[in-house]
Amino acid sequence: MIMLSLMFINISIFANDEIDRRGVSYGLGLSVSGGCWREEIYDDMSNVIGHGNRQCLAIPLPNVSVGYGFSPQFKLNFESKTLVLGGTLELKGQYYLKDAQDTFYLHGEVMGIYAIDYGAAGLTGGLGFGYAKGHMEYELGVIHPSSDPLFSLSVKYIF
C-alpha cells in the first residue's frame, strides 16, 4: 500500500510539471522550410529583366536552439536549422501571450540563410506565431527574403 501511494505521488508530481520560461533553455526539434519562387533573370548590369520557371522546394532540417527567458513572457533564442551544407542561423524573439503552460506566442527573427554548395548567403527576417503546450512548441513562420515568401513549420521540445 505504501509503495502504491509513493508511485501515485511521483506520477502526480510529474503531471503538474511547471514551466518556468525564465533563464536558460535548450530546444531540439525538426523544421520544414520551403516555398515556391520564380527564378530571376539578370542582364549584364545585374538588373532583373524577367522571371523564369516557377520552382518549389521543401527541406526538413534539424532545429537546435539555445534561449534565455528575460521574463515569463519574453524569450530570446539563438537557433540553427542546418542540414550538411545549408540552412539558417537565427536570432529570434518570442512573446508569449499568457504566463501559462499552454499559450500562443508571436515571434520575430533576423536570420542568415546560407547554402555552401551554391555559394548563396543572405540576411533576412521572418515573422510568425506558435503554440506552446508544456515543453513542446509548434510554430509557423514566414521568411521573406525576396518577392516570393518562404514558409517554415517547426516542432521542438524545450528542456
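From the N terminus onward, the elements of the protein follow the order α-β-β-β-β-β-β-β-β, that is, one helix and eight strands, where helices (H or I, at least four residues) and strands (E, at least two) are DSSP runs numbered from the N terminus. The model is predicted, so that local features need pLDDT of at least 70 and side-chain atom pairs count only at pLDDT 80 or more, whereas totals for chains, interfaces and linings use all residues. Residues are numbered from 1 along each chain as its sequence is written, and side-chain values use heavy atoms, with hydrogens and water left out.

Of the 159 residues in the protein, 30% are buried, a class defined by under 20% relative accessible area, with exposed meaning over 50% and partly exposed lying in between (1.4 Å probe, protein chains only). The accessible surface comes to about 10200 Å², and carbon and sulfur atoms account for 69% of this area, as computed by the Shrake-Rupley method with a 1.4 Å probe. Among contacts (heavy atoms within 4.5 Å) between residues at least 6 apart in sequence, 43% join residues at least 24 apart.

A set of polar side chains can be followed from strand to strand. Glutamine 94, in strand S4 (residues 86-96), counts as buried because its relative accessibility is 0%. The side chain of glutamine 94 makes a polar contact of 3.4 Å with that of glutamate 137, a polar contact being a pair of N or O atoms within 3.5 Å, of which, within protein, one must be able to donate a hydrogen and the other to accept it, while residues adjacent in sequence count only if both atoms are side-chain atoms. Asparagine 77, which lies in strand S3 (residues 74-83), likewise has a side-chain polar contact with glutamine 94, at 2.6 Å, and asparagine 77 counts as buried at 2% relative accessibility. Beyond neighbours within four places in sequence, the contacts of glutamine 94 include Phe74, Lys75, Leu106, Glu139 and Lys156. Tyrosine 105 is also in contact with glutamine 94, and the C-alpha atoms of these two residues, eleven residues apart along the chain, are separated by 6.5 Å.

Glutamate 137 belongs to strand S7 and, with a relative accessibility of 4%, counts as buried. Leaving aside neighbours within four places in sequence, glutamate 137 is in contact with residues including Lys75, Tyr131, Ser154, Val155 and Ile158. For asparagine 77, the corresponding contacts include Val66, Gly67, Tyr68 and Lys156.

Glycine 134 occupies the loop between strand S6 (120-133) and strand S7 (136-143). Not counting residues up to four places away in sequence, glycine 134 touches Ile19, Gln101 and Asp102, and its C-alpha atom is separated by 9.1 Å from that of threonine 103, 31 residues away along the chain.

The second largest pocket holds about 190 Å³ of space, where a pocket, on a 1 Å grid over the protein atoms alone, is an open set of points where a 1.4 Å probe fits, with protein on both sides within 12 Å along at least five of seven lines, and lining residues have an atom within 4 Å of a point. The volume is the space filled by probe spheres set on the points, which are joined across faces, edges and corners. Of the 16 lining residues, Ile19, Asp20, Arg21, Ser25 and Ile158 lie nearest the centre of the pocket, and strand S1 (residues 23-42) gives the most to the lining, with three residues.
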